[in-house]
Structures are given as structure tokens and as C-alpha cells.
Amino acid sequence: MAFIERNGEEHRSLTHVNEKCVGCGICKDICPTGSIKTGPILPIARGLLKMDYININKDTCCLCGLCATACPFNALEFTLNGANIKDMSEYPQWGHSSKIDSDACIYCKSCETACPQDAIRVVRELPERSKLVSGEISADDEKCINCKVCEELCPAGAITIKEDGPFSHKVEIDEDKCVYCLVCRRACPTQAIKAVCESCSYGEYKINPEDAVIKGEVFLNDESCVNCGWCQEVCPVDAAAITKPFEGSITTNKEICKGESCHACMDICPCNAVSIVDGKSQIDQKFCILCGACTQVCPQHAIDLKREKMNLNNIRSKSWKKQIKKLVTEGTCGK
Amino acid sequence: MAIVIDPEKCGKIKNCPGEGLCIKLCEKGAIIEENGEVVLVPEKCDECDICIQNCPNQAISKA
């Protein structure tokens, strides 16, 4: 973790949180004093080297805060007299966000599975199984010959034969597990089981719809979310809404891409937006946030990134506007 | 164009900051270790340039 501070008229500090950093190089591109250098991003991403993605030169950093403002991942924190500039009305604010509507969510966990950053947790409480079926079941211990056919066959594992001694046994049926499928009754060689399924014979009138409700809660961790849009794409009820940090386009030059031999782009992408199709890299724009990390690591310079719009608002300073505009380019191939 | 490893610049395995980083990065197994030396297997190389880009000693180039 890099940390720089200085005391002048006010106390200024810059902290780099490597855990949130994806190695996109936006800070390096925007730094007006050239004080930020990216490290060996690909070997770090592949776990071959243990070091931070970026290096900040403490001697030349002027603690202006531009890098922290431009970082879409909150990996750089800049404070003025202890207060984060992200919370100050004078400073620019990112407009990108991710929201999952808990009221619309049906707790299917599709987003939790798809999220490349493990930023989503779905906690759910399922209905009681016994309340979703209705019926009656009983066993006649006198008729039972302890053959254990029912115990072996029961698909719900609801039957156990309890043996008190060599000639004493009892059929125990767990009615919380039994779904009245009647397999035991049909298979019993001595007709010792009496069972009836009411759900089948009388429809569902005996079942209270409220008992079938799945309760739950969905938690989205803003700290690790990168606004890639996977949750929005997989959600069957449109409960997730994502606004990305940049708008634009990204394409791979299939002529020069080495695909499977390299797959550096796939390894660095924080959004799981890259796949190898027909031996070449393919970036799915639906999930790409145009951070540019792939362009930093592509050894063939085969990725063309065009950022047309940046969702950074409230840029009051003219010089900052000029500098930040550098991120919105007409095509860059990792330099 | 073929990949060339400059033996003067290459830190071998012992003196490489990445302890043979090119070997670890190459997905084709085109760079191997032989008695502590870093050796290129040209038949396996697909010229993806990952080794050139990431060599900490800038010892790999195209000739």
C-alpha cells in the first residue's frame, strides 16, 4: 500500500489500496507530473509476482488528487485535512453505480454466481416443505414385517424403522420430510402403510400461497463491485441496474491477436468480459467497463479502446477538465 | 522474425527478479530452463511477445 502525505496550509494525503486496484493505468495516464508508473501488471495478475500494481514517486507527486478523482475503482484515496475528496462538493464525482432492488429480487442467486468480483451475497429463507404439500400418512406396526423396503425406497428420506429388540420395531415417519408421493404405500408387501395425497386429489386449495413465499435479502458490496453489468444481464426480473463509468467501444484486432497462446487480456480483465473464441480474444461489450487494463497488458497491441463519454461530473477546474479529457480518446493501443 | 534471448542481459534463473518470469509466463512452453540457463524452443514459440513485454531485464527481443 503506497501512502504519501504532506503538511502545508492543509494536510494532504494519497493512499493506494492495491486490493481494489485492477491495473488499468488510468492514474498513470492522468497524472500531470508523470509520478505514477505501472508495475509488471500481467505477472502480478497471474500471481507470479507479489507487488503493487502501481508505483508512486513520492518526490515528484504534487498531491493534486487527480489520480484519486479519475480512478473508477476507488483504489486511490485522497484526503484534505482528513476528509475524502469524494465526499466534497467542490470535487468531481463519479456517476457510475450498481443497485439491486431488494423488493424486485426473487433471490435466485443468478447474480451471486455470475459476479466476477464476488461482490454479491444473497441470503434466503426457503419455505417449509411440509407446508407446500398436504396429505396423511400412518403405519401399522402390527402389519409391518420390518422388511425395510419403505425405508430404502423413500425418496425424501422420511422413513426410519426403529428397532428396540429382535422382535420389536416401529415405523417412524417424519412428516416434515414426507411429500405424500405414496411410493412406500405401493411398495409395502403387507399393506402396512396408509397414505393419501391431498394435493393431488383436491388440487391446491389446502395450501396457503403465503407459505410458498421465499424470503431473503441481497447484499451488494460497493467496495468490490466494478459495475461490469453481469448481474444486470443475468437477472431474470430486472432487479439490477448498472451505470458504467465510461461509454464507448472496444475491439480486438483478430489479425494480430495471439489468443490462446497469450490470453493476457482475459487474465487481467476485472469484469470477466474476455473469452477466447475460435482461438482469438473476444471482448463482450455488455460486460466491459472500458477501464483499459487489457490494453496495458496486450503484448500484440491488438486491442482498440475508444472512450466516448466519461460519467465523471462536477469538474469545476478548467485545467482538471483538460487533463481528465485525455482519458476520453479516439482510440488507444496500450503504450 | 524470431525471438532472441540476449545472454548478456538475461539474469538466468538465479539473477532474474522474477526467477525465470518468461518461463512462467509462456503458455506454449517455448521457454525452458536448462542447467540454470534460459533457453528458447523455437518450434513451440507462437511469437505472442508476452516474454518480450514482461522480461524484467529487457533481455528478450525480436530479430
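Student: Which elements of chain A each supply at least two residues of the lining of the largest pocket?

Tutor: In this predicted model, they are strand 7 (93–94), strand 8 (97–100) and helix 9 (264–268). Strand 8 of chain A gives the largest share, three residues.

Student: What makes a residue part of that lining?

Tutor: A lining residue has an atom within 4 Å of a point of the pocket. For the largest pocket, with a volume of about 580 Å³, 27 residues line it, and Pro72(A), Phe73(A), Asn74(A), Asp222(A) and Cys225(A) are the closest to its centre.

Student: Why is the pair of Glu223(A) and Lys20(A) called a salt bridge?

Tutor: The cut-off between a side-chain nitrogen of Lys and a carboxyl oxygen of Glu is 4 Å. The closest N and O atoms of Glu223(A) and Lys20(A) are 2.9 Å apart, so the pair counts as a salt bridge.

Student: What does the pair tie together?

Tutor: Glu223(A) lies in the loop between strand 14 (215–220) and helix 8 (230–234), and Lys20(A) in the loop between strand 2 (11–16) and helix 1 (26–30), so the pair ties together parts that are 203 residues apart in sequence.

Key. Residues numbered from 1 in each chain as written. Chains lettered and ligands numbered in written order. Predicted model: local features only at pLDDT ≥ 70, side-chain atom pairs only at ≥ 80, totals over all residues. Heavy atoms only, no water. 1 Å grid on protein atoms, 1.4 Å probe; cavity = no way out; pocket = protein on both sides within 12 Å on 5 of 7 lines; lining within 4 Å. Points joined across faces, edges and corners; volume = space filled by probe spheres on them. Helix = DSSP H or I, 4+ residues; strand = E, 2+ residues; numbered from the N terminus.
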